[in-house]
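Welcome! Take a moment to look over the sequence and the structure below, and then we can walk through a few places together.

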Amino acid sequence: MKRLIRTLLVLCLPLLLTNCFEVTEAINMKADGSGDLLVTIDMSASKDNLKAYLQMDKVQGMEVPSVTEMKKEVETVRQTISKIKGMSNVKTSTDFDEFVFTLSGDFDRVKTLNKAINAVADELNRTPLPTLKKDNFKFKDNEFRRLFRYGPDLKLSKEEFEELNFSARYVMETAKYVSVYRFQQPIKRVSNNKAQVSPSKKAVKLENSIAELIRGESSIENTIEF
Amino acid sequence: MYALLLCLSFSSLSAQSLLQHVPQDASFVFTLNPDHLNKKIPLVKLKEYNIYQMAMSQLAQNAGQQVVEMIEDPGKYGLDLMSASHVFGKVLDEDGGILMGVAFQLSDAAKFRQAISDQLGTTLETEKRGDFEVFSMGSSGALAWNNNKAIVAGGEARGQNPTQEWMNTVLNGNKGNSISTNAKYSRALKGKTSDASLWMDYGAFATMYSQMGMGMMPADQRMIMEMMMGMYEGMHIAAHMNFDQGAMRVNYETFVNDELSKIFQGMTNASFNQKFAQYIPKNNLMAYINFNYNLEEMVNGTRSLMEPMLNQIPEYGPMINDAMDIIGIAVDEQALYNLWSGDMFLGVTGMRDFKKTITTYDYDEEFNRIEVEREVEEKLPEFTMMMSYSNEADVMKFVKLGLHSPYLESKGAYYQINVPDMPMDAFMAMKDGVFFITNNQDFIENKLSAGFGKGERISKEHLDRIQKSAQVVYWDVPNTVGVMEKLEGMNEGPMKEVMDASKKSVKSMILKADKAKGDVFSQEFSINFMDGGANSLDQLFSYLDKVMKTMMGTSM
C-alpha cells in the first residue's frame, strides 16, 4: 500500500498541482445534529499552470482530462450524494478560470454525511480494491468528533517522505487541508492543540499542510465539546 | 617513442580508414571520438555516478539489456567503442528521402559476428565482398564487417531506389570518393579534433525541406521558394563539442556563400558603444545580452541579395521592387538608421520588489471563507536596456507623441512609462546618444548623469568579450542563485539543496558570436564550471548527480 501511495503521489501530484492548493471542509452543525457541508478545493494559486495543462493532451505521459470530462465527474459526485436519503440541496460549482471547485449540501444527521462521503469514495474508486468505508464524523450529545485514522500502511515516515521526488514534496509542503466547524453553542474544549477557536467561541478552525498529515506529524482528528 | 609514433599513426590510419566509407557527397557526418575525451577524463570514472546508472537503467528499459551490456563491456561483443565512429547520411533532393550510414571499429570480428547472430537468433547468411562479410537486410540496408571495422548502410528513398547504389558506395569505401576529398568538409574539420563533431551541408537540407513542401505550391510560389533556398546554396556548418578542463564548449562555424558572406560581414561591421560601459554595474550583473549589429548594412545587403532574385519572378518581382522604390520616396531610410543603429545591451542586475494587487481568499475572525484583495510584493528582474541613436531630434518626435498620450510622463531628466496593468514601474531616458529603458528607479534618478563610479563598472573581462563579439549572451549562475535564494521558499528544503549545488558547481554560461571573418561566422556556447582544473564532464556529472538526488529523493 505504501508503494501505491508513493506512486500515486509521485505521479499525480506534480502532474496536477505544480503549486500550492487548499482543500477546505466547512461544516455548520445545528443542535439537533443536522447541518450543512461546504467543501472547497482552491487551486487558484496554480491556475496558470493548470490552464496550460488543459491545452495539452498529455502531461508526463498521462492523459489530461478535458473540462467537459471533469464537469461530468463533478456532476456524478453531485448525483451520487443527492441519491443518499437525508441529503438535500446538494450543489456543485466549477470555475475553470480561477480553478476553484465547491460541493455543498444539507444533511439531516451526521450518519447521513458519513454515508454520503463513503458513497462518493466508492464512486470515485478506480482501483480493483474495495473502498475502505469508515465514519469520518460523529455527533453525540454535546460532542462533535472529526475522525481520522491512518491505516498502518497509509502514513509515510520522515525517511520515506524524503524518498519522494522534489515536486511531490514541494506540492505537499505547500498544500493545505483546512477544516472549519461552526456550532450554535459556545465551544468549551477542543482536543487538537493546533485548532483555533473563534472569538465568539462558536467556530473552530484547523489548518495542516498535506505533508504534515502524510508524515503523521499532525492530524485533522479533533473532538469538540460544547 | 617509436612505439608511440606507431600507435598514433595506426590510430590516424584507422580513422582515415573508416572515413573512406563516408561518401564524398554525404550531407552530414557526425563523429564521436571517445578516445579523445578519455584522455581528458577517464570515462570509467563516470560510471561511479548515480546519473550514469540511471541513464543505463533507462536505456535498458527502452533499448534492451543487451545494448547496455554492449556499452558496459564492448569487448565481449567485439566492439571498439573508444575509437572514433561516424554516423553519416545523404539527403535526396528529389523525393525527400534520406540515406544513412554508420562506421565503427571492431576489436574482434568473430565475437562481433557471434553477437549479431545471437541477437537475430539465427545462423547468419552472409556473402563475401572483398575482405568484407556482408549481411543483407533486404532493400532497406546491409551490415558489413571485416577484421577491424563494421559498416551499416541503408535508408529509404521514394520513387527511385538508390539504396543499393548507396550501399555499394559506402561498402566499397573508395578513398578517392570519400568525404575526406570533399573540400567543404576538409576545410571545416581541418586541424580540429574534438570529443564530438558534426558537419552538415546546410544547403542540401534546406533544399530537401523546401522540396518536401513545394509539390503542393502554385508555380509562382514555388519559384519564390526556390529562390529563397538558393540563398543557402553552398552553405555548410560545423560544430565541435569538447569537454575541457573547467569548461564544456560547443563551437559552431557557419560557412556561407559569397552573397550571404557580404551580408554577414556588413551586419557584423559594428562596434560596441563605449558609452554603454559606464552604465553597466560590476556587481549583481546576473545576466546580459549584447549585440552590435549594423542595421544599415544588413538591410542594404539583404536588399541587394533579394532584388535580382525578385526580378527573376515575372509575376511579382519587378512590382515588389517598384513598390520598394516608391516607399523609398516617402521614407528616409537614413533617418531610420539614425533612430537606431542596430546595437543593444540588456542587463539584468538583480531582483526587485514590485507591489501588485491580487484577489485571494482568507478567513474572517469567525473562519468564514472570504474573498480579499491583497497588495503583495512580487519579485521581478531588475533590468536596464540601452540602444544607440544618432539623431536626437527625430527620437524626440516619438517621445512627444508618447507625452501627448497617457503612456508617457515627463519626470525632468527622464520619462515614466505608464502602461495599464504593467506589474512594475518603468522609465525611459535619452542621454548623449544612448536610449535607456529600465525598471530601476534608483538608476534612472541617480546614475543617469555620470553612470557608475569607475570601480563599480562592468569588469574588463566582460567588456573585452563584448567589444570583440558581434553578440554575447551571458548568465552568471552564482550571482543569480545568490539573488534567487533570498526569495521566499528558495532557501529551504530541497530547493536550497538545488541552489547550493548550482552555486558551487556552475560558474557561467556564455553564448558568443564573433564578427564574420571572410565567409565564416563563428559562435561558441560554453558552460563554465567552478573548478578550472577539473574536467567539465566530471563536474557536470557530479552536479547532475546532486540535483537528481534532490529531485528524485533519497530513493535514487
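Let's begin with B:D545, which sits in helix α20 of chain B, a helix made of residues 536-552. Please keep in mind that this is a predicted model.

Is B:D545 buried or exposed? Its relative accessibility is 12%, and because buried means under 20% relative accessible area, B:D545 counts as buried. The side chain of B:D545 also has a polar atom that lies 3.0 Å from the backbone nitrogen of B:N50.

## A positive patch on chain A

Now turn to chain A. Which residues form a positive surface patch here? They are A:K85, A:R109, A:K111, A:K115, A:K138 and A:K140. Two elements of chain A give two or more residues to this positive patch: α4 (110-124) and β7 (137-140).

A:K111 belongs to helix α4 of chain A. Its relative accessible area is 61%, and because exposed means over 50%, A:K111 is classed as exposed.

## A nonpolar patch on chain B

Back on chain B, there is a surface patch of another kind to look for. B:I289, B:V473 and B:L511 make up a nonpolar patch, and together they have about 180 Å² of accessible area.

Where is B:I289 found? Look for strand β12 of chain B, which covers residues 287-292.

Definitions and conventions:
Residues numbered from 1 in each chain as written. Chains lettered and ligands numbered in written order. Predicted model: local features only at pLDDT ≥ 70, side-chain atom pairs only at ≥ 80, totals over all residues. Heavy atoms only, no water. Helix = DSSP H or I, 4+ residues; strand = E, 2+ residues; numbered from the N terminus. Buried < 20%, exposed > 50% of the residue type's maximum accessible area, 1.4 Å probe, protein only. Polar contact = N/O pair within 3.5 Å; in protein donor to acceptor, adjacent residues only side chain to side chain. Patch = residues over 30% accessible without salt bridge, like charges linked within 9 Å, V, L, I, M, F, W, Y side chains within 5 Å. Areas by Shrake-Rupley, 256 points an atom, 1.4 Å probe, with all protein chains shown as cover. Salt bridge = Lys/Arg side-chain N within 4 Å of Asp/Glu carboxyl O. Lys, Arg positive; Asp, Glu negative; His and termini not counted. Charge placed at Lys NZ, Arg CZ, Asp CG, Glu CD.
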